[in-house]
Every structure is written in C-alpha cells, then in structure tokens.
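Keep the structure open while reading.

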Amino acid sequence: MNQVTGFTRIIKAVGYSWGGLRAAWKNEAAFRQEIVLLAVAVILAGWLDVTLVERILLIGSVVLIVAFEIINSAIEAVVDRVGTEHHELSGRAKDMGSAAVLIMLLLALFVWVSVLWSHFSRYIS
C-alpha cells in the first residue's frame, strides 16, 4: 500500500506525469506533430487581434487535441500490452480512442474557423 501523502505525493505525481509526456514525445509521432501544431496555434493566437476568451478558446481547443492524443496512446499501449493478436474488443478500443482524437480535431477546426470568420468576415464582403 502506498503511504506517500501530502506534498510528497504531489511531487511524485508531477514526476509520473512528466515521464508520461517524455514517453509520448519519444514514442508517438502524432503527439510530436500535435505539439508543433500547438506551438503554431499559440503563436497565431497571440498574434491575432482577438479577445482573451477567444484566445483561450483557440489555444484550449488545440490543447484538447494533445490531451486526447495522450489518452489514445495510453489506450493503444494497454491494448498492445495485453496481446498482439487481433481481437474485436481491442480493435474497438483503439478505434474509439482514435475517434476521440478526431472529434477534438474537428472541435478545434470549428473553433478556429468560427473565431477567424467572426473577425475577418467584414473584410470579405
């Protein structure tokens, strides 16, 4: 039984989280690509003349992609650890994790298009 409590537990948890980020960076090409996307999004959102809430939505929508990618990668790792033979439930779990990432990509696209449209539509007409 784990007896670590208080501030020590928090420090250990941060260490485990940092290890997870390092593992994702090392082992997952999609994670690295999405980190690059996040860096571009942060730069663009900082450069655009938008409100604070819009900036948070722009950046936050891409952060969600990264977070869901980590969850998807964790699901894939657990499924692969259990066994490499094809099983319907394993395939379903992997497909559903991938679908969650796709949903976040679509959400980010919707947020970015909506915010940009609201600011630049006056120049189009």
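Q: Is glutamate 69 buried or exposed?
A: This is a predicted model, so the values here are computed from its coordinates. Glutamate 69 has a relative accessibility of 7%. The cut-off for buried is under 20%. Glutamate 69 therefore counts as buried.

Q: Which helix holds glutamate 69, and which annotation does UniProt give to Glu69?
A: Glutamate 69 sits in helix α3. The UniProt record, an unreviewed entry, covers Glu69 with a feature of its own. That annotation reads "active site".

Q: Which residues does glutamate 69 touch, not counting residues up to four places away in sequence?
A: Contact means heavy atoms within 4.5 Å. With residues up to four places away left out, glutamate 69 touches Ala30, Phe31, Glu34 and Val101.

Q: Where do the UniProt "binding site" residues lie relative to one another: how far apart are the farthest two C-alpha atoms?
A: The unreviewed UniProt entry lists Arg9, Tyr16, Glu28, Glu76, Glu85, His86, His87, Lys94 and Asp95 under "binding site". They span 87 residues in sequence, and they do not all gather at one spot, because the farthest two C-alpha atoms are separated by 38.4 Å.

Q: Which element gives the most residues to the lining of the largest pocket?
A: The space in this pocket is about 170 Å³. The elements that give two or more residues to its lining are α1 and α3. With 5 residues, the element that gives the most is α3.

Q: How many residues of the pocket lining are charged?
A: The lining of the largest pocket has 5 nonpolar residues and 3 polar ones. The charged residues number 2.

Q: Is glutamate 28 buried, partly exposed or exposed?
A: Glutamate 28 lies in the loop between α1 (6-27) and α2 (29-47). Leaving aside neighbours within four places in sequence, glutamate 28 is in contact with Ala23 and Ser73. Buried means under 20% and exposed means over 50%. Glutamate 28 has a relative accessible area of 21%, so this residue is partly exposed.

Q: Is histidine 86 buried or exposed?
A: Histidine 86 is in the loop between α3 (52-82) and α4 (88-124). Its relative accessibility is 73%. The cut-off for exposed is over 50%. Histidine 86 therefore counts as exposed.

Q: Is histidine 119 buried or exposed?
A: Histidine 119 lies in helix α4. Not counting residues up to four places away in sequence, histidine 119 touches Asp49, Val50 and Glu54. Its relative accessibility is 16%, and the cut-off for buried is under 20%. Histidine 119 therefore counts as buried.

Q: On which residue is the kink in α4 centred?
A: Buried residues of α4 include Val111, Trp112, Val115 and His119. What covers the buried residues of α4 includes α2 and α3. The helix α4 has a kink of about 45°. That kink is centred on serine 118.

Q: What separates the C-alpha atoms of alanine 99 and phenylalanine 68?
A: Alanine 99 is in helix α4. At 35% relative accessibility, alanine 99 counts as partly exposed. Alanine 99 and phenylalanine 68 are 31 residues apart along the chain. Their C-alpha atoms are separated by 9.8 Å.

How values were computed. Residues are numbered from 1 along each chain as its sequence is written. This is a predicted model: local features need pLDDT of at least 70, side-chain atom pairs count only at pLDDT 80 or more; totals for chains, interfaces and linings use all residues. Side-chain values use heavy atoms; hydrogens and water are left out. UniProt positions are given in the numbering used here, feature names are shortened, and annotations may be inferred rather than shown by experiment. Helices (H or I, at least four residues) and strands (E, at least two) are DSSP runs, numbered from the N terminus. Buried means under 20% relative accessible area, exposed over 50%, partly exposed in between (1.4 Å probe, protein chains only). On a 1 Å grid over the protein atoms alone, a cavity is a set of points where a 1.4 Å probe fits but cannot get out, and a pocket is an open set with protein on both sides within 12 Å along at least five of seven lines; lining residues have an atom within 4 Å of a point. Grid points are joined across faces, edges and corners, and a volume is the space filled by probe spheres set on the points. Ala, Val, Leu, Ile, Met, Phe, Trp, Tyr, Cys and Pro count as nonpolar, Asp, Glu, Lys and Arg as charged, and the others, Gly among them, as polar. The bend at a residue is the angle between axes fitted to the seven residues ending there and the seven starting there.
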